[in-house]
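Here is a short briefing to read alongside the structure. Take a look at the fold first, then go through the points below.

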Amino acid sequence: MDHRPQSSNDGNANQDQQNRRLYNPYQDLQIPTQAYFQLPTAPEFLFQEEARAQRRSWGENITYYTGIGYLGGATVGAGKGLVDGVRASEPGESMKLRVNRILNGWGHAGRKFGNRAGVVGLLYAGMESGLVALRDTDDIINSVAAGLGTGALYRAASGVRSAAVAGVIGGMVVGLGVTAKQAMKRYVPI
């Protein structure tokens, strides 16, 4: 949208003008031109409901936590596989066999850890989004309850006792994570 001055008697247009900044796409090219565009200074939303919500949607939440879980788990697993592959190498093996053993351990452990952590992320994101929709509020209780439910559901096939212990561990980990995040926001200037 090309910049054109507007009349000052329209209050709505004046407020809209304050929420925008002028942008010249040719400024670094040293081309004498007056092509200025008005760009918004804040994110634009199609619906007002999206503007009021200060969190990711359930789909973004699931994608984010599953991806972060898989990536983190695969990285940790790859490190464990690397160490196991180096330990398993025998004296007298050729360099080709050692590299092959290391790469196989790396891929096997990375895939195993990544899939497990991705499933945990998927369960957590689904439960947290479900609790936000059910309770119609986004607070710490949803996060801790989702961590508790994720741990319990992930270990449910191992028995009731194992599921209860995993649920408590999941709730405590999420509680510590949320507390650390709040402390970082409050005490660490960014």
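A pocket is an open set of grid points with protein on both sides within 12 Å along at least five of seven lines, and its lining residues have an atom within 4 Å of a point. With that in hand, keep in mind that this model is predicted. Domain 1 (55-136) and domain 2 (139-184) each contribute residues to the lining of the largest pocket, so the pocket lies between them.

**The largest pocket**
- The space in the largest pocket comes to about 850 Å³.
- Its lining counts 30 residues, and Y65, Y124, E128, S143 and V174 are the closest to the centre.
- Two or more lining residues come from each of α3 (58-88), α4 (95-135), α5 (140-154) and α6 (160-187).
- α6 supplies the largest share of that lining, with ten residues.
- By class, the lining holds eleven nonpolar, eleven polar and eight charged residues.

**How α5 packs on α6**
- The axes of α5 and α6 are 6 Å apart, and the two helices pack at an angle of about 150°.
- Where α5 passes α6, the crossing is right-handed.
- On the α5 side, the contact is made by I140, S143, V144, G147, L148, G151 and A152.
- These meet A163, A166, G167, G170, G171, V174, G175 and V178 of α6.
- Eight nonpolar and seven polar residues make up this contact, with no charged ones.

Methods. Residues are numbered from 1 along each chain as its sequence is written. This is a predicted model: local features need pLDDT of at least 70, side-chain atom pairs count only at pLDDT 80 or more; totals for chains, interfaces and linings use all residues. Side-chain values use heavy atoms; hydrogens and water are left out. On a 1 Å grid over the protein atoms alone, a cavity is a set of points where a 1.4 Å probe fits but cannot get out, and a pocket is an open set with protein on both sides within 12 Å along at least five of seven lines; lining residues have an atom within 4 Å of a point. Grid points are joined across faces, edges and corners, and a volume is the space filled by probe spheres set on the points. Helices (H or I, at least four residues) and strands (E, at least two) are DSSP runs, numbered from the N terminus. Ala, Val, Leu, Ile, Met, Phe, Trp, Tyr, Cys and Pro count as nonpolar, Asp, Glu, Lys and Arg as charged, and the others, Gly among them, as polar. Domain bounds come from an automatic or database domain assignment. Axes are lines fitted to C-alpha atoms, for helices over the stretch in contact, and angles run from 0 to 180 degrees between N-to-C directions. A crossing is left-handed if the near helix is turned anticlockwise from the far one by less than a right angle, and right-handed if clockwise. Contact means heavy atoms within 4.5 Å.
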